[in-house]
Amino acid sequence: MQATFSRGELDPELIYRTDLEFFRSSLAECRNFITLKRGGLRRRGGTKFVAELKDSSDGGWLIPFEFGNWQYYMLEFGENYFRVFTESGRVGDVEVATPYSTSVLPELKFVQSTDTLFIAGGGVAPQALKRLGETEWSIAPMVFEDGPFLDVNIAPTNLTPADTGNPVPRMTSNSAPSGAVVSSNSSASAYQVFNRAAGRVVLSAGSSGWVRYQFPSAVVIDAYMLQAPSDNSQNDDMPWQWNIEGSNDGANWTILDTQDGQDTWASSEWREYAFHNETAFVFYRLNFTQGGGSTSNNSAIGQLVFHQSGETQTPFELTASDTIGINGGDGFQASDTGRHIRLRGSDGFWRWLKIASVLSSTVVTAQVFGQTLPNTVSQSIWRLGAWSETTGWPETVGWHKNRLAFAGTRAEPQKVWESQTEDFNNFSVSHVLQASDAVTAGILSGQVNRIQWLVDDNDLIIGTTRAVRSLGKATAQDPYGPENVDQSPETNFGANRISPIKVGSVLLYFGPYGTDMREMAYDLSADGRISQSVSEVQSHLFRNGLSGACYQQYPDSIIWAWDTKGSAIGFTYERQQQVYGMHRHDFGGVVECMADLTGTGSDTVWMIVQREINGMVRRYIEIMQSPFLGGAIEDAWHLDCAALYSGVPVNSVSGLDYLEGSSVILFADGTDYQAQVVGGVASLPNDRTAGKILVGLDVKARATTLPFPVNAQDGASLGRKMCVDDCKTAVFETGTLRAGSDATYMDELIYYEAGDAYGEPAPLRSGVLDQAIETRWEDGGQLALEASGGKPCTVLAVNFGQDMEP
């Protein structure tokens, strides 16, 4: 008796290894059956035809988009476009242009946050794909702030800016050289707030007051710096509560930034402030309500420096004294356009710039972001941006501790960059490092191991071509950040580009050649993660190398994968119950992509299948249907590439042009009929009619037991001839099942019995089916089970008798 099939199909090299513990729970063949966590075999569900790819002559890719609140979409990516689908079909006429060619689609990595999908890879800048509405979608390059950057320049090359990003000129009076300065006390010296020199400017005799600057025309300001008076340590007259306000008429003001508790200023101390603003104003003012120190009089400041938003600045020249240290000595390249530069000012603070254009190998135009440069003095301490067309773009993306992490460019294949906490576009670090600042880490190894993927766990798990490492805290009690980072080796079994699958606390990933699957989990005795193969005894299923994988958690916890030849593999995985059942699947074509998506009642697996239809290559989007789990027999869906008609009884189903010329099964009110699709129509024979007709391609599910082990004192059991002459099969809600041998005859085990309703399909059977069957002596006591057509089949156990030669 074989009461469990939980191990699935065994490698042919092991079919005589009766000494293996799992031998009696394995099969010689398991095709289009899925092994259940509870031990049985269930015929897999068929597939539903959804749509043809936009261009069937080219490939495509599927990426899930789960917005929440039962709004789940599948995105069809093709040559420079994506379209949007739900289980009901295509969403409107949504089609959005993308920078991705078909050839790079399998390389893309993605993570999602609410209505935004972040995509890395494909040789282009990371993209943000957004759902703006049911039929309104967009994709655009992500806009990053302040980095990330390469290492600090150590060459003798200086960079000289021609401007500072400060839109206020060096004022010499309240109205020269341009604009106008006015203070609440009408001081004739108010302009000294903007003369770019340390000092002391009294703006009010009391604790409140203001100073404003009027531009000749409207300007967008998004940051500012304040300097305390040069003698503030004695008088403490610096305001500690204020607003920055904008106006276009000098009478009606909009508050742009508010600060409170800004006390204990040192003499000539600088402080920086930034705010979000996209509106241009003519007037800007510092309006304070608390100042003047303990006596609340003679409120004064040193300097006020505005920063014009980088996007609205006129680019200025940035000149390098040499090409040494710039792109390996080649100097600036045209591909550096848009690249960041970090420049340390003469005040010791870093600013970041963006290259607007490249004029020569030593001269670019740039805009300064964040804060204004203090002056135009040459600087030798600078860093070039790590990401650009010149150095390459990140190839993978992931989450870690509320940060968006990227990794692996062409220039730095072993580098990881993490954004600031909960600020996914910001890769800056503070003048005094904060725990929330961006993190940059290089993978330590004796050779260049390209980073293949990132997985969020308590640590960031990093898969490389030769090893798996983790990035986490150096000191457990301190918060994770740029000063508390450590990396550890986890295993020297490397990984390929396929995104790994996380099942609970276990990580399943694929070896560097895609020919094995490994399980990485924490082991108490080792006090760390260990990696072990879970595909060794089914290695034959991986010999072609895998192309991709996805995870269908509900209802059966199955990892679905497909190989380079387009064959599909299912892996039923329940580690706590020691269920590692692998099964192969034929979908009547070449599987080119699979992706999982939350569905109604269970997870769904979407597929792109290349089929030959009427002599032509067609590529279809299809959804694997749930196996039959009870109900009326006519509700079963076990045909592939199928369409369902439900309504008033009819004799034929139309709209089947996508199956033109194909032999199909019409599963009509629970009974199978064979037909041919002609002119997009398939008809029932003899003018029969039915109200529920599923039309699709037949699927044959097949399971073959292993050679029966026989104990013999003389060891002569191996090779002894045997045949199966009796079969008792325990089934559950089964409508079709055959048993026997291909070389002899496959006996049908489900048939009409006395008492069955006339004119209706035989009811689903549950219980033990007892049948005398015939196999060959050369079959070695192996038994084949088959199911096809539209009816369900679940096998719980098999007990078969053998006759053997003496």
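View 1. Arg 342 is buried, at a relative accessible area of 6% (buried: under 20%; exposed: over 50%; partly exposed: in between; 1.4 Å probe, protein chains only). Asp 146 is buried too, at 10%. The two form a salt bridge, with their closest N and O atoms 3.2 Å apart (salt bridge: a side-chain nitrogen of Lys or Arg within 4 Å of a carboxyl oxygen of Asp or Glu). The pair links distant parts of the chain, 196 residues apart. Arg 342 sits in strand S27 (residues 340–344), and Asp 146 in the loop between strand S14 (136–141) and strand S15 (159–161). Helices (H or I, at least four residues) and strands (E, at least two) are DSSP runs, numbered from the N terminus.

The model is predicted: local features need pLDDT of at least 70 and side-chain atom pairs count only at pLDDT 80 or more, while totals for chains, interfaces and linings use all residues. Residues are numbered from 1 along each chain as its sequence is written, and side-chain values use heavy atoms, with hydrogens and water left out.

**View 2. Glu 574 and Lys 37 in a salt bridge.** Their side chains meet at 3.9 Å, N to O. Glu 574 belongs to strand S45 (residues 568–574). Lys 37 lies in the loop between strand S4 (33–35) and strand S5 (41–43). The two residues are 537 residues apart. Glu 574 is partly exposed, with a relative accessible area of 22%. Lys 37 is also partly exposed, at 26%.

**View 3. Asp 231 and Arg 200, a salt bridge between loops.** The N to O distance is 3.5 Å. Asp 231 lies in the loop between strand S19 (221–227) and helix H1 (232–235), and Arg 200 in the loop between strand S16 (180–183) and strand S17 (201–204), so the pair ties together parts 31 residues apart in sequence. Asp 231 is partly exposed, with a relative accessible area of 25%. Arg 200 is partly exposed at 28%.

**View 4. A salt-bridge network.** Glu 29, Arg 31, Asp 586, Arg 702, Arg 738, Glu 748 and Glu 786 are linked by salt bridges. A search of the whole structure finds 36 salt bridges.

**View 5. The surroundings of Asp 640.** Asp 640 is found in strand S50 (residues 640–650). Asp 640 is buried, with a relative accessible area of 2%. A polar atom of its side chain lies 3.3 Å from the backbone nitrogen of Thr 47. Leaving out residues up to four places away in sequence, Asp 640 touches several residues, including Arg 44, Gly 46, Asp 586, Phe 587 and Arg 611 (contact: heavy atoms within 4.5 Å).

Note on methods. A polar contact is a pair of N or O atoms within 3.5 Å; within protein, one must be able to donate a hydrogen and the other to accept it, and residues adjacent in sequence count only if both atoms are side-chain atoms.
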